[in-house]
Amino acid sequence: DQSLRALAARHNLYIGTAVDSAALNDPADPQYRKLVTQEFNTVTAENVMKWESLEPTRGQYNWGPADELIEFARKNKQLVRGHVLVWNNQLPAWLTEGVADGSISKTELREILKNHITTVVKHFKGKIWQWDVVNEAASDPWDSPSTIHYKGFWAQNLGEGYVADAFRWARAADPKALLFYNDYNLEAFGDRGPSDKVQFVYNMVKSLKAAGVPIDGVGSQGHLGTQYGNYDVFQVSDTLKAFTDLGLATAFTEVDVRSHTANIADSNELNPRLQASAYNHGVLLQACLSNPKCLSFTLWGVSDHHSWVPTWFDDPPEGLATVYDENYQPKKAYFELKGDL
Ligand code: XIL
């Protein structure tokens, strides 16, 4: 068996993908289901465990699609990463509008968050390996102010204490699940200018640990772009080691390496981008393999046929971010991962 999952298992590493539930259940797209089953031993719901999907109407939970994915994973002997409990995006309108028009007070909002976390984590209790408890709490150097800070809806309304609260509530609801803080641009200290996001996240999780907050790991999303140049495996390993030296686990949780798609009909333009994408996939995987507490390596999508990149990065247009092409043919990046395993 030369699948990624079989090769990864020899390193005690779990290799995963985000799963698009619509694609998984599309009878016209059997290849998608086949690859998810064959190549990966952990899965993450790309969308169906987000707040707007689970609780589109206040107090009315829509468990169906998430339960189906968990059942699919159980049948295929795959572990599930739960994504996501607290995030500033993909919140239901009843929540954001209720806060905006003042019908939901700050006190009530905190209760709503506690309730949501408790209800969701209890519902899936025993079935989730790692939970992304808090996602993307830290700002970026290009935000204003450029000094890294707690950003967005939750920090604005509840203050930074929501992070510690969320971990405590999640632990109480399922003491066995591993609880992660998850974010992007965590590859390297000092990366992308003087506003150091990794240092901010490092300080945050260090103080959470010191305060006895039940956090088990840091998820590095790993959304890269070939236009930013190549990463260095030693640099990325050092970052993982900084976190594991605090007694935390790590994981790569959403790896993809996108490229500009202008002029890709020209193979002289296309080939270097595919090569750079493969190279950077390899850097992240090698760094993970170098760290015994890097538990899993999850790709954000199976193939370029179902990837969030073209919809989200369209000016200039980007794509080619995954390891299989539009026709489910393995790309250089797939063989790079295989070679590293
Ligand atoms: C993305 C999904 O891939 C899209 O389908 C959705 O429309 C938006 O969210 N960071 C995260 C993921 O933590 O949840 C995001 O997923 C990608 C960025």
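In which sense do strand 1 and strand 2 pair, and over how many bridges? The two strands pair in the parallel sense, over four bridges. The model described here is predicted. Its chain averages a pLDDT of 98. A pLDDT of at least 70 is reached by 100% of the residues. For the complex, the predictor gives an ipTM of 0.99 and a pTM of 0.98.

Strand 1 spans residues 14-19. Six of its six residues are buried, so the strand is largely enclosed by the rest of the structure. Strand 2 covers residues 42-45. Between these two strands, glycine 16 has threonine 42 as its bridge partner. Strand 1 also pairs with strand 9, residues 294-299. That pairing is parallel and has four bridges. Within it, threonine 17 stands opposite leucine 299.

The pairing continues from strand 2 to strand 3. These strands run parallel and are joined by three bridges. Valine 43 faces valine 80 of strand 3 across this pairing. Strand 3 takes in residues 79-86. Seven of its eight residues are buried, so strand 3 too is largely enclosed by the rest of the structure. Strand 3 is in turn joined to strand 4, residues 130-135, by four bridges. The two run parallel. Here arginine 81 is set opposite glutamine 130.

Strand 4 pairs with strand 5 in parallel, through five bridges. Valine 134 lies opposite tyrosine 181 of strand 5. Strand 5 consists of residues 178-183 and is mostly covered, with six of its six residues buried. Leu178, Phe180 and Asn182 point one way from the strand. Leu179, Tyr181 and Asp183 point the other way. Both sets are buried. Strand 5 is also joined to strand 6, residues 217-220, by four bridges, again in parallel. The partner of phenylalanine 180 in strand 6 is glycine 217.

A ligand is present in the model. The residues around the ligand are Glu46, Asn47, Asn135, Gln221, Glu254 and Trp308. By class, this shell holds one nonpolar, three polar and two charged residues.

Several loops have backbone features of note. The peptide bond from serine 144 to proline 145 is cis, with omega near -5 degrees. Proline 145 sits in the loop between strand 4 and helix 8. A cis bond also links aspartate 315 to proline 316, with omega near 0 degrees. Proline 316 belongs to the loop between helix 13 and strand 10. Glutamine 90 is not a glycine, yet its phi is positive, about 50 degrees. This residue is in the loop between strand 3 and helix 6. Glutamine 90 counts as exposed because it has 12 C-beta neighbours inside 10 Å. Asparagine 185 has a positive phi as well, near 55 degrees. Asparagine 185 is placed in the loop between strand 5 and helix 10. This asparagine is buried, because 20 other C-beta atoms lie within 10 Å.

Lysine 209 is part of helix 10, residues 197-210. With 15 other C-beta atoms within 10 Å, lysine 209 is partly exposed. Beyond its neighbours within four places in sequence, lysine 209 is in contact with Ile215, Leu246 and Gly247. Its C-alpha atom is separated by 34 Å from that of arginine 258, 49 residues apart along the chain. Alanine 265 occupies the loop between strand 8 and helix 12. It has 8 C-beta neighbours inside 10 Å and therefore counts as exposed. Alanine 265 and leucine 54 are 211 residues apart in sequence, and their C-alpha atoms are 41 Å apart in space.

Technical notes: Residues are numbered from 1 along each chain as its sequence is written. This is a predicted model: local features need pLDDT of at least 70, side-chain atom pairs count only at pLDDT 80 or more; totals for chains, interfaces and linings use all residues. A residue is near a molecule or strand if its C-beta atom, placed from the backbone, lies within 6 Å of it. Ala, Val, Leu, Ile, Met, Phe, Trp, Tyr, Cys and Pro count as nonpolar, Asp, Glu, Lys and Arg as charged, and the others, Gly among them, as polar. Two strands pair if DSSP finds at least two bridges between them. pLDDT is the predictor's confidence in each residue, from 0 to 100. Two residues are in contact if their C-beta atoms, placed from the backbone, lie within 7 Å.
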